[in-house]
Structures are given as C-alpha cells and as structure tokens.
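Hello,

Here is the structure I promised to pass on. My notes on it follow below, and I hope they make a handy starting point.

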Amino acid sequence: MTTPIALYFDDISLDSIAKQTGRIVVFLEPHGRLDRSSRRINRITKGALGRFILSDAFEEMKEGMGLDLAYPSGMLATAIQVIRLSRNPTIENARKAGATIAKGLTKESTLVCANTIGKAAEISFGLALRSYDFTPHKTSGVKERGEVRFQVGKPEDIAAKAAPFAALAEGVFFTRDLVNEPSNVLTTDDFAARLAAMQDLGLEVEILEEAELEKLGMGALLAVGQGSESASKVVVMQWNGGGKEAPLALVGKGVVFDTGGISIKPAAGMEDMTMDMGGAGVVAGVMRSLALRNAKANVVGLVGIVENMPDGKAMRPGDVVTSMKGDTIEVLNTDAEGRLVLCDVMWYAQERFKPSGMIDLATLTGAIIVGLGHDNAGVFSNNDKFCDRFLKAARTENEGAWRMPLGASYDKLLKSPIADMKNIGGRAAGSITAAQFLQRFVQKKTPWIHLDIAGVAHIKTGTDLAPGGATGWGVVAIDRLIRDRFED
C-alpha cells in the first residue's frame, strides 16, 4: 500500500537553519510577528521576511496558505516557504498549512520551523494526508521526496501527539488505495485478501464465501453478484481493544465494479464505478487505524464484497429475492444494488454481534450528489443522540456531513404489489427512500446511522487534504467518534 511520508521532530537549532540546503518552512502570524527562527532568517537574508510582511502578497494570503521566496540571499536553501498562520491556529487551518507544505515538497530535504506553533502535530497530519500519491500503475514510479524534519519545542511531546495521527494517516491511505484501484486489480478475491492481511496487525478477520452466505440466507446480496465470474464474499474484521461491552458495528458496501447489471448504466462515466466499494474502503481504513493505534474499544467491521455484472445468470428487473431477515424484495432496478448488499450484512451484524450501535457507509445514490454536491455526505439516523455525536465528530475533523430526513411518507413509496417491498421508490427523494429501505433492516433497539458518501468518497478535483481521486472521507470522523464515545 501507499506509505505515509516519514516525519521527524527535533529540538530547535537556529544554527542549522543557515546550513539547510533544501527547503525551509516558516510561519508568520497574520500581524507579522517574527519568532526566533524567522528572526534569524530575516537577519541572514537582510530583511527579506520583513519586506514580505509589508507586501500586498502577504496581506492577501489566507491562513494556512503560503508562498515561496526562491534562492534567498545569504542562505544555502533553495527556497523559503512562508506560510501565514496564527500561533494557536484552528485544527482546520493547521492541517491546511501542513497540506501547503506537502504541495511544495521536492526531492530536496525540508526543514519546518514550527517552534512557536501550538498545533505542530496537526500540521504534520495535514502534511501527511496531502502528500498522498497513487502511483502503482505508473511506469515512472513514486515521486521522490526528500526528508522532512520539524524543529519544535519539546520534540518528544510533539512526536507523541503525532503518533496517533500517523496511524490515522495510514488508515486513510489504505482507504484511498482501495478506492483508487482499478477493478481488474481489486477483484473480490483481491479485496478480501488485502483485508485478511490485516490479521498481522492484530485484527481478527473472517472471510465468508458464497456457500456460507447461502446457508445464512443472504439472498439479496448473492443476487447482486450472480452475474459476475468473481465470487461474492462477506469479510468480518474484529478489533477487541475494550472490555466486555458490545461492539460498535461498521458496515460497508463493497461493489468492486457496478455496471448497473441488466439495468445497465450509460457508457459515459461508467469508468468511475471502480469507486463503488468506497463504503467498504472506509470501514477497512478505520479498522486499520484502530489496530495501529491500539484503540481501547470494541469495533467490528463488516463488508459485503460483490461485482454487479450483466450476463445470462444476472439478476433481472422484476425478480423477487429473499433477504437474510426473511423479507422479500421486488427488484425494479438492478442498478439499485448497494442496498441489497447492505441489508443482508446489516442484519447479520445485528444477529451475530448485538452491537451497541451500527453505522453503514455506501456510495449509494446519485441523488445525494444532486442534493448536497461534493461537500457533504448525507446522514440518516433513527437515534438523535447517536447522530448528534457523529455530526459533532465530523465537524471537529472538518469532514462535511449533513443530516437528512426519514419518515413514514417516504417509506410508503417502497410498497410493492407482489413482495414485502420494492428496492426503489421512484425518482423523487431517491437518497431518502434508499435510507428508508435500509431502515427496514435495523432492529428496534439498535442505534443506527446511514452515511451516503457518493459525493465525497471520490472527487476528481481533489480537496484541501487530498489530491484528485479518492479522499478517504469518513475514516477520520469515525475514528474521532470512537475516541470520544467508545473509548472515553
């Protein structure tokens, strides 16, 4: 997998600044005050930083943004990257500053002078996230980057604060790698194998094959994959880092490629359906992070891995399938397949683990993109307290999330004349009726959140903390929820 960049934390050494041969990063407060490092640089460069502070360019810079002063006079460094940042910045601005550093990295070494910044660990996290580069299928290989070292006060303390972020970054990278992989590489077998390999980190991993799924009665999930040569699977990952309490259950949609089945999608844009396993990717990334940071919580991650293909055995519009719960489903559109995968895995998760709460994640509907664009995931829930805690975690970590409604009037749209329900409710309120479908498979006492991440899992233009492609949205917010609710 793609490995996060290694970062080092050292004591402040003003003498080393003049000897730095690569890049130097300094932070200037909005009012232009210089700290010890920037004063030394200003003196060596005969007032270059002081003149820059008085410029229109500095005045127009937003917090977290930066500009390069190339080949500064009197120094061996090839560039000084000046970043505008308050001494005690917000988490968002600190991470943006780290991302700004990452965008400027070269094969030369980089020295980050962060001796007075209050959130150096957050800066390092933003740097790590934005330095991601998916290159396994490029013949040019990995982009070479030089060593990155931070000069900070109390480096051991900062390194200790940064360690959980390093684990979290690896989880995000794992998710991004999975979502970015083409479907001829990330087959159902390959996906399951990558998850099984996390046993080396201390996770308990089981792979349920089709014969076992048939015995369990997962007729909805199996119907989705019956047109593919790749076998459908359910992978169960357990992290038992807490006490005897019931686990939090995370359930992910893992459609490695979605043609739409017999209700085939238009050719234009179908190549993007390699990311239709984004929900399962997030679950996998969270589980990896929990293991790496040795989380003191019990969490189980379950993913349904299938491929939705059209052939002579494929599920047809008009078919009736039977879920593990026992409810029958009239399939009006084979492209509304994700909910068929999730409903069986959700029911299995509740029957087996009796979780204290359940969160499912899926790139489920195009309708959520129409409603919320690419800035927010759609959040649906049957429990206000549980939902509010997640929304607070998402706000803390600056991952956009917006609560959407549920209601009996929407549920009525799923009524079928020949089965217990239809798998779609019509064009209107498509993301809501999808959530209403899933809610039918949530047991009464289970606090539940459904996250429709179709708009946020993969963004071609990139985000503040991710280049174009997979974002890893949700790994950080769910990890925060687990820290705040299930560990403390």
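**Helix pair and sheet**

Helix 12 passes helix 16 in a right-handed crossing (right-handed if the near helix is turned clockwise from the far one by less than a right angle, left-handed if anticlockwise). Helices (H or I, at least four residues) and strands (E, at least two) are DSSP runs, numbered from the N terminus.

This is a predicted model, where local features need pLDDT of at least 70, side-chain atom pairs count only at pLDDT 80 or more, and totals for chains, interfaces and linings use all residues. Residues are numbered from 1 along each chain as its sequence is written, and side-chain values use heavy atoms, with hydrogens and water left out.

The axes of helix 12 (residues 338-353) and helix 16 (residues 430-439) come within 9 Å and cross at roughly 30°; axes are lines fitted to C-alpha atoms, for helices over the stretch in contact, and angles run from 0 to 180 degrees between N-to-C directions. R339, L340, L342, C343 and M346 of helix 12 meet A434, F437 and L438 of helix 16, with contact meaning heavy atoms within 4.5 Å.

Strand 9 (residues 248-258) and strand 13 (residues 357-362) run parallel, joined by 5 bridges; V251 has D360 as its bridge partner in strand 13.

Best wishes

Notes:
Two strands pair if DSSP finds at least two bridges between them.
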